[in-house]
Amino acid sequence: MSHSMEERLPPGRTTRRRAAVERVLASCDSFMSAQQLHAEMAARGIRVGLTTVYRTLRGLEAAGRADVVRDEVGERLYRQRLPDGHRHYLLCRRCGLSRPVESDIVETWAERVGADTGFAELEHTVQLTGLCGRCQAGPAHGG
């Protein structure tokens, strides 16, 4: 039976690394890709493998502890979910700025669709993208 490198690590080591990933994600205000988060951790002197970053982010998403949107090329971007629950965001396509938006009407609609169709445990993703005020006013740049 083969074991991944992460499975061969001492028991506490993976948990510490995953906790570090979660801490850095929580300290960031914008959505980040796994690669961006990995680079941010390296800049802070935190050594962790990119595979651990991916696994941790997927685990946070599955546990409902991270919100996820996709950028214009389909890459998954992550942000820590706030304690008050699931949110929807308006995301600037140019600089990546994200703002939570009022979404009670979306949640009510999703509940009604579930009730009307007999479906349970519905999940949904609503993503709004545009250009923030700063990007509208400034020259085009990669952010």
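In strand β4, valine 101 is the bridge partner of histidine 88, where strands (E, at least two residues) and helices (H or I, at least four) are DSSP runs numbered from the N terminus. The model is predicted, so that local features need pLDDT of at least 70 and side-chain atom pairs count only at pLDDT 80 or more, whereas totals for chains, interfaces and linings use all residues. Residues are numbered from 1 along each chain as its sequence is written, and side-chain values use heavy atoms, with hydrogens and water left out.

The pairing of β3 with β4 is antiparallel and comprises 4 bridges, two strands being taken as paired if DSSP finds at least two bridges between them. Tyrosine 89 stands opposite proline 100 in β4. The two strands β3 and β4 form a hairpin with 5 residues between them, and glycine 96 in the turn has a positive phi of about 90°. With β5, in contrast, β3 pairs in the parallel sense, again over 4 bridges, and here cysteine 92 stands opposite glycine 130. Strand β3 is mostly covered, as 4 of its 5 residues are buried; buried denotes under 20% relative accessible area, exposed over 50%, and partly exposed the range in between (1.4 Å probe, protein chains only).

Helix α5 (residues 104–117) has 14 residues that should span 20 Å at 1.5 Å a residue, and its end C-alpha atoms, 20 Å apart, agree with this; the expected span is 1.5 Å times one less than the number of residues. Val106, Ala110 and Gly114 of α5 are buried. These residues lie on the same side of α5, because they cover an arc of only 75° around the axis, the arc being that of the directions from the helix axis to the C-beta atoms. The buried residues of α5 pack against β3 (88–92), contact meaning heavy atoms within 4.5 Å. The face of α5 turned away from its buried side carries exposed residues, among them Asp104, Glu111 and Asp116. Glycine 118, which follows α5, has a positive phi, near 80°.

In helix α4 (residues 50–62), Thr52, Val53, Thr56, Leu57 and Leu60 are buried. Seen down the axis of α4, these residues fall within an arc of 130°, so they line one face of the helix. Exposed residues Arg58 and Ala62 are carried by the face of α4 turned away from its buried side.

The largest nonpolar core has 16 residues, and those with the most contacts inside it are Val21, Leu25, Leu37, Met41, Val53 and Leu57; such a core is a set of buried Ala, Val, Leu, Ile, Met, Phe, Trp, Tyr and Cys residues joined through side-chain atoms within 4.5 Å. At least two residues of this core come from each of α2 (11–27), α3 (34–43), α4 and β1 (66–70), and α2 gives the most, with 4 residues. Valine 53 touches Val21, Ala34, Leu37, His38, Met41 and Val48, not counting residues up to four places away in sequence. A second, separate core of 5 residues includes Phe31, Leu77, Tyr89 and Leu91.
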